Amino acid sequence: MNEAHSDLSIWVVIILLGIGTFLIRWSFLGALGNRDLPQWFMRMLRYTPVAVLPALVAPLVMWPAATGGQPEPARLSAAIVTVAIGVLTKNVILAILGGAITLFGMLYVLG
Amino acid sequence: MAPSPASQPEPRQAAAEAASARALARNPAQAFRFGMIQSLPFLIVIVPFAMLFGVVALEAGIDIAQILGFSVLVLAGASQFTAVQLLSDHAPTWVVILSGLAVNLRMAMYSASLVPWLKGATGRQKAWIAYTLIDQSYALAIQHYEHHPRLTLQQRLAYFFGAAVAMCIPWIAASWLGATLGRAIPDDIALDFAMPITFLAMIAPMLRTPAHMAACFVSIVAALLLAGLPSGLGMMIAALFGMATGALLEVWTERRQEAGS
């Protein structure tokens, strides 16, 4: 870890992320009770996982830090295999296994 | 001889009624144990994922107390990984926090959808539910409640807490274990890619509708185009584009169906 994040700033992240996450989970059940939510808001929430996680992962797949930011065949094919198995089987564990085997297999072959 | 199609629904319905009768007959302790038992299959994903978090966080230079701090205080896998990733990218603290929260926004939807089932709980019970409301405990609980709508509030709470205990405690323990064992893992295995693969494997089965696929596609394109922005910022903007796309396409599809019918 570099100097950009001191021990203190990591604890700040942990504590504020913890409080914020708790409040998100508590929101409707605890604070808002039975009130109905605006429909547009519920619609946006429905798409948070499929929008947030891909946005996080896409640059890591295209420009992995481990290769100095260069696109790399083993990682790219592992990503494609993972998504393909995940879409076809809907099985998270199979997708992870397929991706991992592809990654290590390709890294071994490409040496 | 193959059963005729007409005879099939009856045994299935009888089985469902028997399951409902069993669910309704459980006292709270039994409902708690049942929740624990039904959550056991999820441990196959939770335990390795939590260990991986420990290992990855340790590699990023986060110490064991902080790793435990994440798992105890945040208790939400994807956002913990996101925060660690952005911390090691040297993103500004506020970006790390906002991105971690963005990953957890879906849980507001979980919270809202539990209201009809659990609104009678006490404030303290609701606080404990909120603390342990993870993807898996939510998925199990909501299915159980919808299958057996006549359960009492006590039975619903007991089931939820059984599932929550059986998943949250292993999450915390396994992330500690990963952080402890992490030093023994050789440096040259491509651990950097464990998180992308895990996330991709989680996203892929969610791409059920055209709206979900469009949200995912737009957010990927936007994230790649905006990758030059300070770390985390491009991701947040791209995610907003993706969410808006999904919501708009959903509205559009509904309108078209209404017009067609």
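UniProt, in an unreviewed entry, marks residues 12-32, 44-66 and 78-110 of chain A as "transmembrane region". UniProt positions are given in the numbering used here, feature names are shortened, and annotations may be inferred rather than shown by experiment. This is a predicted model, in which local features need pLDDT of at least 70 and side-chain atom pairs count only at pLDDT 80 or more, while totals for chains, interfaces and linings use all residues. Residues are numbered from 1 along each chain as its sequence is written, chains are lettered from A and ligands numbered from 1 in the order in which they are written, and side-chain values use heavy atoms, with hydrogens and water left out.

## Annotated spans

Helices (H or I, at least four residues) and strands (E, at least two) are DSSP runs, numbered from the N terminus.

- Residues 12-32 of chain A are 100% helix and 0% strand, and their end C-alpha atoms are 27 Å apart.
- Residues 78-110 of chain A are 94% helix and 0% strand, with end C-alpha atoms 13 Å apart.
- For chain B, UniProt lists "transmembrane region" (unreviewed entry) at residues 40-60, 67-88, 94-118, 157-177, 189-207 and 214-241.
- One of these, residues 67-88 of chain B, is 91% helix and 0% strand, and its end C-alpha atoms lie 14 Å apart.
- Residues 157-177 of chain B are 100% helix and 0% strand, and here the end C-alpha atoms are 30 Å apart.

## The interface of chain A and chain B

- In chain A, 70 residues are in contact (heavy atoms within 4.5 Å) with 87 residues of chain B.
- About 6900 Å² is buried between chain A and chain B, and carbon and sulfur atoms give 78% of that area.
- Arg25(A), Leu29(A) and Tyr47(A) supply 13% of the area that chain A buries against chain B, more than any other three residues.
- Buried area is the accessible area (1.4 Å probe) that two parts lose on being put together, summed over both.

A residue is buried under 20% relative accessible area, exposed over 50%, and partly exposed in between (1.4 Å probe, protein chains only).

- Val13(A) lies in helix 1 of chain A, and it counts as buried because its relative accessibility is 0%.
- Apart from neighbours within four places in sequence, Val13(A) is in contact with Gly18(A), Phe70(B), Ala83(B), Leu87(B), Thr93(B), Val96(B) and Ile97(B).
- Val13(A) and Met62(A) are 49 residues apart along the chain, and their C-alpha atoms are separated by 27 Å.
- Leu16(A) is also found in helix 1 of chain A, but Leu16(A) counts as partly exposed because its relative accessibility is 41%.

## A nonpolar surface patch

Patches are made of residues with over 30% relative accessible area and no salt bridge; like charges are joined within 9 Å, and nonpolar side chains (Val, Leu, Ile, Met, Phe, Trp, Tyr) within 5 Å. Accessible areas come from the Shrake-Rupley method with a 1.4 Å probe, and for residues only the protein chains shown count as cover.

- Leu8(A), Val12(A), Ile15(A), Leu16(A), Ile19(A), Leu23(A), Val72(B) and Leu73(B) make a nonpolar surface patch of about 660 Å².
- Two elements give two or more residues to the nonpolar patch: helix 1 (7-32) of chain A and helix 4 (64-74) of chain B.
- Helix 1 of chain A gives the most, with 6 residues.

## Salt bridges

Side chains of opposite charge can pair when their charged atoms come close. A salt bridge is a side-chain nitrogen of Lys or Arg within 4 Å of a carboxyl oxygen of Asp or Glu.

- The structure holds 5 salt bridges over all chains, and 3 salt bridges are found across the interface of chain A and chain B.
- Arg43(A) forms a salt bridge with Glu250(B), with the closest N and O atoms 2.6 Å apart.
- Arg43(A) is in helix 2 (residues 39-46) of chain A and Glu250(B) in helix 13 (residues 233-260) of chain B, so this pair joins two chains.
- Both Arg43(A) and Glu250(B) are buried.
- Glu254(B) forms a salt bridge with Arg43(A), the closest N and O atoms being 3.4 Å apart.
- That pair crosses between chains, from Glu254(B) in helix 13 of chain B to Arg43(A) in helix 2 of chain A.
- Glu254(B) is partly exposed at 33% relative accessible area, whereas Arg43(A) is buried at 8%.
- Glu250(B) also forms a salt bridge with Arg46(A), with the closest N and O atoms 2.8 Å apart.
- Within chain A, Glu72(A) and Arg75(A) meet in a salt bridge (3.2 Å, N to O).
- Glu72(A) is buried at 13% relative accessible area, and Arg75(A) is buried at 6%.
- Salt bridges that share partners join Arg43(A), Arg46(A), Glu250(B) and Glu254(B) into one network.
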